[in-house]
Amino acid sequence: MMNNFLFLFLYFFIPILFFYLIIPEICLHILGWGSWKRQYTSGVALTFDDGPDPNFTPLILDSLAKLGVKATFFLVAEKAENHPALVRRIVQEGHTIGCHCYAHRHAWTMGPMTTIRYWKKGLASIKQLSGHEPEYIRPPWGGVNLAFYLWCKLRGKQIVHWSIQGHDWLHTQTPEKILHEILPKIKAGSIILLHDSGGDFGAPQNTVELLPKLVSEIYQNLKLPLVELEIPNWSLYRRIFFRLWEQWERFYVWYFHIQRIDPCNLFRLSLARYKGPNLYDHKGNLLAAKGDLIGEIHLDSLQLQFHEQDYRKIGVKTLQLARKSFPVLTKFIFNSPDYKDIKVYLGVTMLSKAVKGFGFHVQDYHSIFSRMTALFQKIIIKIYHPGGGRETSSLGDKPKLVWITRDTLAEKYL
């Protein structure tokens, strides 16, 4: 009889556990299939788990207000019920609230009915306290089961994990250790996991002390913006295509030494040897010949992710962003020793009609790579445009060479 029981256990129970726990954990938590482990914007999102906490959440909020940063707080509803004033303050100060279940229980300790009951109760409680039902949810420890996933799909909720963590729930993790662990991994689209409650006794104090240093490093050294958590309504196909293209762009930026100007600038810069033809000013003076060192202006494509589907509105927003970016770009050029002797700055673009108003000259781009450049730029539009860039055929297949002199930049933007 014992052998029969063991056989039944192995034959039925283990496969059930495999499909209920292991497969969802691999897909959702480890691989990010069906969940979100990153954003698809130019910025970095800060998220805080396990709160609210009467001792540390107010300190976190004070620091965020002083730094001018918005974050996302994944609240444990059971704790939120005990501190409703903190929930109201999080909302009033413009932060996003997500749900971290009703109680901080791992999904692997709950059956289907318990899972659904806990999450329904958690959402209802936070909705009552904050006035809005959270769109984003994060399971405790990131653990998932099949019932949780199916319930999220039925309710239309976004499961948000993270791409970077500093293990700040450990009291041994000093602010310096956390910073050292987090910084090398940060890039555009990162979701950083921090804690304003839970873990070892007093551990959130390290997080409080970490915040100003972390924000400063992200802004000043990495030159990335800190943004609110924002999950797009993208298909898995588009996400995969984006990730593949992103790897190509990172290689391109690394290979050509393209550098950011500041966290929110539309443009990036690099130095390159000019390949011709000769460029002359209006008096016939030679500005750049083949082999001369010139500055190349590149669009930071991630800055072009607007919510509008209308091309005209996107065009207006792009022009507004360009008007803000050119003075900062010019100041950077004049303050940087790398660019002090560079007379001409150029780019190659399919979007050449608007640049004349910014002081650029526009001429034909004669290169064996012109069609490839056009194809690449159309791909960029398709990827970053919210509607998928369906109207790229109107751009033609011949990019233009656009250029501006250092003197013109100074005259118009300094």
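## Exercises on a predicted model

Strand S9 (residues 267-273) and strand S12 (residues 293-299) are paired antiparallel, with seven bridges between them. Here helices (H or I, at least four residues) and strands (E, at least two) are DSSP runs numbered from the N terminus, and two strands pair if DSSP finds at least two bridges between them. The model is predicted: local features need pLDDT of at least 70, side-chain atom pairs count only at pLDDT 80 or more, and totals for chains, interfaces and linings use all residues. Residues are numbered from 1 along each chain as its sequence is written, and side-chain values use heavy atoms, with hydrogens and water left out.

**Exercise 1.** Determine the strand order of the open sheet of six strands and state which strands stand at its edges.

*Solution.*
1. The order is S8-S9-S12-S13-S15-S14, and the pairing is mixed.
2. Within this order, Ala272 stands opposite Ile294 in S12.
3. S12 and S13 pair in the parallel sense over two bridges, and Glu296 stands opposite Leu346 in S13.
4. Strand S8 (259-260) and strand S14 (361-364) are the edge strands; each has a single partner strand, so one side of each lacks a neighbour in the sheet.

**Exercise 2.** Describe how strand S13 is joined to strand S15, and identify the helix that packs on the sheet there.

*Solution.*
1. S13 (residues 344-349) and S15 (residues 400-405) run antiparallel and are joined by six bridges.
2. Gly347 stands opposite Val402 in S15.
3. Helix H12 (residues 406-413) packs on the sheet and touches S13 and S15; contact means heavy atoms within 4.5 Å.
4. The direction of H12 makes about 70° with that of S15, where axes are lines fitted to C-alpha atoms, for helices over the stretch in contact, and angles run from 0 to 180 degrees between N-to-C directions.

**Exercise 3.** Locate the nonpolar patch on the surface and classify Ile30 as buried or exposed.

*Solution.*
1. The patch consists of Ile26, Ile30, Leu31, Trp33, Leu236, Ile240 and Leu244, with about 700 Å² of accessible area together (Shrake-Rupley method, 1.4 Å probe; for residues, only the protein chains shown count as cover).
2. Helix H1 (2-31) and helix H9 (236-255) are the elements that give two or more residues to the patch.
3. Ile30 is found in helix H1.
4. Ile30 has a relative accessible area of 51% and is therefore exposed (buried means under 20%, exposed over 50%, partly exposed in between).

Terms used: Patches are made of residues with over 30% relative accessible area and no salt bridge: like charges are joined within 9 Å, nonpolar side chains (Val, Leu, Ile, Met, Phe, Trp, Tyr) within 5 Å. A salt bridge is a side-chain nitrogen of Lys or Arg within 4 Å of a carboxyl oxygen of Asp or Glu. Buried means under 20% relative accessible area, exposed over 50%, partly exposed in between (1.4 Å probe, protein chains only).
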